[in-house]
Amino acid sequence: GGGAGTGGGGGGSEDGITMGFAQVGAESGWRTANTKSVQESAKEAGVDLKFSDAQQKQENQIKAIRSYIQQQVDVIAFSPVVESGWDTVLKEAKDADIPVILTDRSVDSADTSLYKTFLGSDFVEEGKKAGDWLVEDSASTEGPVNIVELQGTTGAAPAIDRKEGFEAAIAADPDLKIVESQTGDFTRSGGKQVMEAFLKNTPDIDVVYAHNDDMGLGAIEAIEAAGKVPGKDIKIITVDAVKDGMAALAEGKINYIVECNPLLGDQLMDLAAKVVAGEEVPARVVTEESAFTPEQAKEVLASREY
Amino acid sequence: MNEIVPVVDMNNISIEFPGVKALDGVSLRLFQGEVHALMGENGAGKSTLIKALTGVYAIDGGTITVMGVQHSFSTPAEAQAARISTVYQEVNLCPNLSVEENILLGREPRRRGGIHWREVRRKAKDVLEQLQLGHIDPGSILSSHSIAIQQLVAIARSVQVDAKVLILDEPTSSLDSDEVQQLFTVIRTLRDRGVAILFVSHFLEQVYDISDRMTVLRNGKLVGEFMTRDLPRMGLISKMIGKEMDALAELEEAESRREPDRSERVPFVQAENLGRKGSVQDVTVAIHAGEILGLAGLLGSGRTETARLLFGADRADQGQLRIGGTARTLRTPRSAIDQGVAFSSENRKEEGLISDLSVRDNLVLAMQASKGWLRRVPGHTQDQLAEKFIRALDIRPANKDALIQNLSGGNQQKVLLARWLITNPKLLILDEPTRGIDIGAKTQIQKLISSLASDGMSIIFISAELEEVLRLSDHIAILKDRRMVADIPNDGVTMEDVMTIIAGSNA
Amino acid sequence: MSVLTRTPAPQGRTRISRLQGKARYAPTLATVGLFLAMFAAGAIMYPGFLSGQVFLNLLIDNTFLIVLAVGMTFVILTGGIDLSVGSVVALSMMIAAALLQAGWNPIAVIALVLLTGATFGLLMGLVIQVFEIQPFIVTLAGLFLARGLCYVISVDSITVTDPFFTAMAQARIPLTGNLFIAPGVVIALVVVAIAFYVLHQTRFGRTVYAIGGGESSALLMGLAVPRTKVLVYGISGLCSAIAGILFSFYSLSGYSLAATGLELDAIAAVVVGGTLLTGGYGYVLGSLAGVLILGIVQTFISYEGTLSSWWTRIVIGALLLAFILLQKLFSRKVKLT
Amino acid sequence: MNALLKHRLTWPVLALVLLLVLNQLFRSDFLSVRVQDGHLYGSLIDILRNGAPTILIALGMTLVIASRGIDLSVGAVAAIAGAVSCTYIYNSPDPTSLRTAAIGVSIAVVAGLALGLWNGFLVAVIGIQPIIATLVLMTAGRGLAQLVTDGQIISVSNDPYQAIGAGFFLGLPISILIAVAAFAVAGLLTRRTALGTLIEAVGINPVASRLAGLNARTITWTVYVFSGLCAAIAGLMISSNVTAADANNAGLYIEMDAILAVVIGGTSLAGGRYSLVGTLVGALIIQTLTTTVYTLGIPPEVTLVFKALVVIIVCLLQSSKARTLLGKRKRPLTEQAEVKVAV
Ligand SMILES: Nc1ncnc2c1ncn2[C@@H]1O[C@H](COP(=O)(O)OP(=O)(O)OP(=O)(O)O)[C@@H](O)[C@H]1O
Ligand SMILES: Nc1ncnc2c1ncn2[C@@H]1O[C@H](COP(=O)(O)OP(=O)(O)OP(=O)(O)O)[C@@H](O)[C@H]1O
Ligand SMILES: [Mg+2]
Ligand SMILES: [Mg+2]
């Protein structure tokens with residue numbers, strides 16, 4: 001075989017940018033919204049997008065990045081499956097002079113020159129926002145507050161960070177106590193099953209903190225089946241703010257949702273254009289995110305895209 | 001030197017399976033340089049005794065002494081390490097490996113770089129030639145050979161080692177007389193070298209031909225140990241079956257021939273130049289209702305393959321086949337069965353038994369298959385049929401709920417025969433139906449075949465025992481090198497006649 | 001008896017048996033042929049595909065899968081299965097990462113990890129053999145256990161900063177031109193070579209095949225069936241540990257969710273490589289080809305670059321199917337059973 | 001007594017009872033069932049309701065395994081079933097009516113049958129090894145489900161539909177009633193007709209079965225279609241229980257649970273003799289195990305270790321070898337001579 005591939009064939013850098021985007025997978029509605037946002041923004045910005053889905057496997061993502069390097073794209077963006085273990089392939093990208101942008105999740109490389117910037121939310125911060133709201137909300141109530149926590153997939157970065165942030169925040173009030181904590185795998189049926197068991201184990205649950213909306217929605221069904229009123233008898237706090245979650249929030253079944261915004265396509269394309277043009281970009285770009293109460297939810301529900 | 005120590009001394013051995021006392025205080029002595037026959041009816045406990053000796057089954061009572069040392073082998077490997085070499089009743093080789101490997105597996109010659117494959121081939125070739133099997137390619141895969149060849153390979157494996165004791169459990173059940181003689185030559189050589197040989201067979205001729213001494217079992221109990229030359233055949237038979245019965249006389253009786261019914265002018269099955277690429281060719285036969293067609297030929301001559309073509313187990317790609325007067329192409333056994341054809345295979349382990357099911361389930365399987373899954377044969381009908389055939393064929397233990405895998409080889413064979421008799425076919429193809437069946441049962445089955453034919457059933461009969469074929473058949477198709485070379489009416493045809501045709505024809 | 005002297009077997013018959021001997025290789029040869037065809041198709045469809053490095057990346061990116069498939073081949077050849085391999089890979093990575101973080105010597109760490117993997121496999125083999133429990137279940141329990149132990153070690157991912165591991169991760173062995181491979185590739189290929197040797201040149205290897213052909217027959221033939229069956233799982237465990245080390249070289253981290261579902265990839269690679277799940281038939285080189293096939297499917301997808309997440313899955317499934325069908329077609333005339 | 005000890009279902013049942021007792025020790029009202037909102041309420045009811053999909057899928061899997069096959073695609077089929085029915089209901093003009101729910105369910109059932117046909121075709125006609133043949137659909141199936149839902153979680157609010165997985169009839173969860181009905185039908189179908197024996201025959205010795213005139217192809221095909229059907233209904237339950245179709249997560253890893261249930265129930269993966277009752281017990285053990293983890297408050301980090309240990313213990317108890325060691329029965333060496341007790 002000939003040593004082809006050295007020619008400038010693949011890049012197509014004459015017109016527009018070619019971007020290789022290695023997505024984690026399609027494990028949730030949130031993720032799909034994220035993918036769509038990137039794809040649509042790329043189309044609008046005239047970016048030639050090479051998309052690949054790693055199906056939650058780091059090795060697949062590394063393979064995809066290698067093949068982007070092989071195809072000599074102009075810029076690589078990816079949402080790492082896991083924080084660690086990216087140095088080697090990122091170095092290869094650097095050696096090939098291809099800039100890298102991280103989205104959604106960060107990597108823990110000591111050498112921050114391996115990527116240009118990280119665009120995404122701060123999971124610890126999300127957990128903290130949830131905890132802060134609860135501290136404030138229960139300031140008026142007397143006596144202990146029993147919290148049950150529905151964790152995300154064991155070992156997944158959002159699960160670890162949202163737990164950490166939340167715990168740090170509620171430490172401010174000694175009345176707040178997590179009485180049970182179990183994984184619901186980020187799914188509705190997981191949330192429902194775990195909540196069913198919690199309801200039987202602990203008769204007086206005051207608050208549910210779910211690491212995402214889906215588990216919260218599952219918990220609502222379990223609470224209703226147990227003859228209690230979600231949002232009143234038991235308060236519910238979740239993270240994400242997907243459409244179904246917002247609807248439940250508007251109905252008052254959820255009390256508070258911390259947003260985790262998947263629509264970072266536009267920001268990504270802006271950053272990519274700058275990076276390819278050689279402009280300086282900030283090392284950390286936090287996505288525009290807020291948090292919602294039922295009243296706020298009613299206002300924005302109609303315009304919610306995902 | 002009047003007190004010779006036996007090489008193997010099994011004393012008072014008992015083995016019990018759930019519900020069956022397979023061996024009850026049986027003793028067996030094997031001496032250096034003798035051929036010792038182990039005799040008994042189907043289910044008498046011969047194979048169990050062998051398995052007890054070689055560490056397959058743990059014994060419940062008794063002692064086993066090998067070369068003066070008391071042993072209790074817990075695996076066949078240990079028995080082999082004590083230089084006991086065994087061929088078990090069913091072919092126990094690896095069908096996925098080559099012939100040479102099967103012969104030398106576990107004791108391949110090695111050199112520094114690992115197995116010395118050239119040496120493996122040489123040794124395999126040597127022993128194959130000893131058994132006059134030089135024409136077999138040692139590199140060929142075992143499963144590509146017929147059951148008879150596989151049996152010979154198993155024997156080759158067992159004689160390839162330098163054993164003190166050689167055990168052969170029905171090694172000859174699917175061999176033709178030529179192969180048997182070849183085997184006996186080898187056995188005699190080994191005996192003269194001082195090997196102790198234990199031999200099981202239901203062929204009295206062979207037993208009297210080769211053995212020096214015999215031990216007779218009946219119903220798991222020891223009847224006695226005899227010098228072969230002191231025990232006449234009739235005496236042996238009565239010792240085996242436990243009563244005075246003139247089995248040989250009955251055998252003669254079976255010979256009384258019927259007149260096949262040729263009133264129907266159209267033969268039930270008519271094959272013309274039927275054949276299959278890479279398999280048999282030129283099969284031209286016509287079988288009328290009530291006729292018995294014998295297939296004769298040497299080992300590997302294509303008898304089994306002919307049967308498979310006529311049954312649709314393999315699909316013919318040449319020639320024509322008419323069944324009941326209409327042209328048919330048989331794509332699957334199912335289509336043949338729908339035409340009233342049945343086929344009992346020679347390979348009972350791989351092609352017959354549904355090992356984990358009961359005797360009854362195995363018995364009604366073919367009938368059930370014909371009715372389709374929706375119309376189950378009612379339970380009481382199943383029971384009735386099972387009981388009827390257990391009685392008719394004297395299947396032991398007479399328990400329709402026993403798992404068929406726990407029956408002795410001969411009794412399994414009877415169940416498989418019954419499977420087809422139940423369906424009452426128009427043409428019954430029997431490939432080695434008497435394989436491994438004791439002398440009493442064999443007579444019974446032969447009589448059964450005659451009477452079935454008298455009732456109008458057509459039968460194709462294949463047996464390694466040419467006498468049997470000659471005795472039963474109305475006409476005989478002769479195969480050679482997988483080609484049919486003649487179809488002769490059986491009016492006093494002798495073995496010599498058949499041999500001459502085989503030798504003379506140029507296929 | 002003189003009339004009975006056997007005429008030599010006709011020419012045709014010996015030819016058939018020879019053919020049947022060769023036919024054993026057909027599924028494996030079909031795999032290799034199809035791999036080449038797919039590579040050619042990729043070269044036509046995508047610019048930049050036809051390069052030596054694309055092929056070498058297939059090796060670099062799949063070192064651990066190659067080693068896993070090797071271990072799995074042993075197990076499947078005996079008619080067993082090992083579902084624990086993916087989890088044992090993750091466990092090996094976690095152990096390595098945790099110990100390296102604690103300042104252990106890398107060589108000692110590697111030795112310990114290999115020992116752990118082999119022991120884990122041997123223990124499963126013992127349970128399978130002694131208690132006669134089906135391999136599927138024992139190794140499924142092994143899957144749970146090993147993954148669970150990962151969490152017990154750490155839920156967070158651990159980065160490996162050890163200089164030796166880093167060097168192994170980033171070392172490039174240059175070949176002709178500007179082609180290169182990673183050291184892991186050499187290790188993986190050595191494992192394949194050793195496995196090939198063991199399977200075809202040792203009695204142990206032949207016993208593996210014999211067990212697959214018929215366990216009770218092998219037992220009656222006096223082969224060391226119990227020992228071999230236990231060892232086979234030990235080998236698979238060892239291979240999983242090696243794969244874990246290679247994965248550590250590859251990703252320089254320990255992560256408790258790593259390598260999930262890798263067991264199915266390994267099984268698929270082995271089966272695609274022409275090995276029968278019922279045991280007894282197959283070659284370790286076929287498994288290597290199987291891994292490359294799965295790898296090239298991935299490469300296709302990243303070169304295509306326009307598939308949405310779900311189309312990615314559908315296409316992977318469709319390519320797998322197309323591949324199996326073609327393989328079936330090419331090796332059609334072979335009667336294996 | 002001795003016969004009871006040796007019965008192959010004794011130990012699985014005992015394991016189930018032990019698990020329940022363990023829960024009871026931890027939470028004194030675990031076994032209590034009360035009436036709430038006109039239906040039964042309690043942990044036992046949860047176990048039955050949440051276990052229904054696994055039970056159903058394990059039922060289909062039992063017959064597939066008996067025929068010497070395996071079906072890895074059940075989880076994907078379940079996801080597809082949920083996806084098509086929910087998507088249909090979501091997009092229909094009248095998303096809350098019974099009619100819509102009925103049509104949605106029918107579409108899902110038809111999809112399940114079609115996918116079963118597909119698997120059966122690959123295995124029985126083309127002759128692909130079952131594990132690979134169904135791996136194709138396992139991989140592609142989730143993609144298809146996501147294609148249907150466009151990668152989103154489709155929420156529906158349709159009361160009749162919700163009843164399938166979360167509703168009650170005569171105080172009992174409808175899902176478990178469906179599962180038990182399916183068991184009864186399967187039991188009748190396989191034992192009253194000859195199907196059961198024929199499936200076993202094909203599973204034990206396909207070659208001999210063919211020579212005995214069995215239409216192995218049809219039988220193999222039938223079991224995969226049945227498995228597809230079971231998976232589809234299970235998929236309906238799963239999606240109905242949370243009133244949403246999650247193409248990515250519905251029925252994830254359920255194939256492993258189902259296979260585990262089948263094997264714990266005493267059916268060999270090598271094909272042949274099977275026990276539907278055993279499978280039922282096996283599936284209940286698995287669901288109870290999950291519930292136990294929640295009841296005992298086992299931290300997520302050690303859940304898997306706990307599960308692994310329980311599985312190993314159950315299997316050890318259930319293995320015939322361990323039973324014979326207990327019963328002190330000497331056993332022949334060859335697998336061929338293994339003594340098995342029929343149910
Ligand atoms: N594993 C087993 N379980 C239960 N019963 C068994 C088992 N093996 C053999 N038997 C029974 O033990 C008895 C002796 O069987 P064995 O196979 O030794 O007979 P045999 O003399 O070799 O007969 P044949 O001439 O038919 O081969 C038979 O009644 C058989 O049914
Ligand atoms: N030399 C050979 N090489 C390859 N295959 C052979 C050879 N001889 C026989 N066979 C195979 O063995 C079988 C022989 O044919 P068949 O079984 O019809 O013979 P047979 O006359 O019934 O003799 P047997 O007494 O061996 O049963 C076929 O399956 C054939 O493919
Ligand atoms: Mg016998
Ligand atoms: Mg024959």
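Colleague: Which helices of chain B each supply at least two residues of the shell around ligand 1?

Modeller: α1 (46–53) and α15 (409–422) do. Helices (H or I, at least four residues) and strands (E, at least two) are DSSP runs, numbered from the N terminus. The largest share, three residues, comes from α1(B).

Colleague: Before more of that, what are the ground rules?

Modeller: This is a predicted model, so local features need pLDDT of at least 70 and side-chain atom pairs count only at pLDDT 80 or more, while totals for chains, interfaces and linings use all residues. Residues are numbered from 1 along each chain as written, chains are lettered from A and ligands numbered from 1 in written order, and side-chain values use heavy atoms, with hydrogens and water left out. pLDDT is the predictor's confidence in each residue, from 0 to 100.

Colleague: What are the ipTM and pTM?

Modeller: ipTM is 0.89 and pTM is 0.91.

Colleague: Back to ligand 1. Which residues come nearest?

Modeller: K46(B), S47(B), T48(B), S408(B) and G410(B), out of 21 residues around ligand 1. A residue is near a molecule if one of its heavy atoms lies within 4 Å of it. Ligand 1 lies between chains B and D.

Colleague: Which side chains have a polar atom by an oxygen of ligand 1?

Modeller: S47(B), at 2.6 Å. S408(B), at 2.7 Å. H202(B), at 3.0 Å. A polar contact is a pair of N or O atoms within 3.5 Å; within protein, one must be able to donate a hydrogen and the other to accept it, and residues adjacent in sequence count only if both atoms are side-chain atoms.

Colleague: How much of the accessible area of ligand 1 does the protein cover?

Modeller: It covers 93% of the 630 Å² that ligand 1 has on its own. Areas come from the Shrake-Rupley method with a 1.4 Å probe; for residues, only the protein chains shown count as cover.

Colleague: How does the shell around ligand 1 split by class?

Modeller: Seven nonpolar, eleven polar and three charged residues. Ala, Val, Leu, Ile, Met, Phe, Trp, Tyr, Cys and Pro count as nonpolar, Asp, Glu, Lys and Arg as charged, and the others, Gly among them, as polar.

Colleague: And which domains of chain B give at least three residues each?

Modeller: Domain 1 (8–245) and domain 3 (355–424). The bounds come from an automatic or database domain assignment.

Colleague: On to ligand 2. Why call that site shared?

Modeller: Residues from chains B and C surround ligand 2, so the site is shared between chains. There are 16 of them, and the closest are S146(B), G300(B), R303(B), T304(B) and E305(B). α10 (303–311) of chain B and α1 (11–23) of chain C each supply at least two shell residues.

Colleague: Where does ligand 2 sit relative to the domains of chain B?

Modeller: Domain 1 (8–245) and domain 2 (249–340 + 425–503) both give residues to the shell, so ligand 2 lies between them. The centres of those two domains are 32 Å apart, taken over C-alpha atoms. Contact means heavy atoms within 4.5 Å.

Colleague: What are the polar distances to ligand 2 oxygens?

Modeller: A polar side-chain atom of S146(B) is at 2.5 Å, and one of R303(B) is at 2.7 Å. For E346(B), a side-chain N or O atom is 3.0 Å away. The protein covers 91% of the 620 Å² of accessible area that ligand 2 has on its own.

Colleague: How is the confidence in chain C?

Modeller: Mean pLDDT is 87, and 91% of the residues of chain C reach 70 or more. pLDDT stays under 50 over residues 1–21 of chain C, where the model has 25 contacts beyond four places in sequence. Where pLDDT is low, the predicted coordinates should not be read in detail.

Colleague: Which pair of chains has the most contacts?

Modeller: Chains C and D, among the five pairs that touch. No contact joins chains A and B, and their closest C-alpha atoms lie 35 Å apart.

Colleague: Where is the cis peptide bond in chain B?

Modeller: Between R396(B) and P397(B), with omega about -5 degrees. P397(B) lies in the loop between α14 (379–392) and α15 of chain B.
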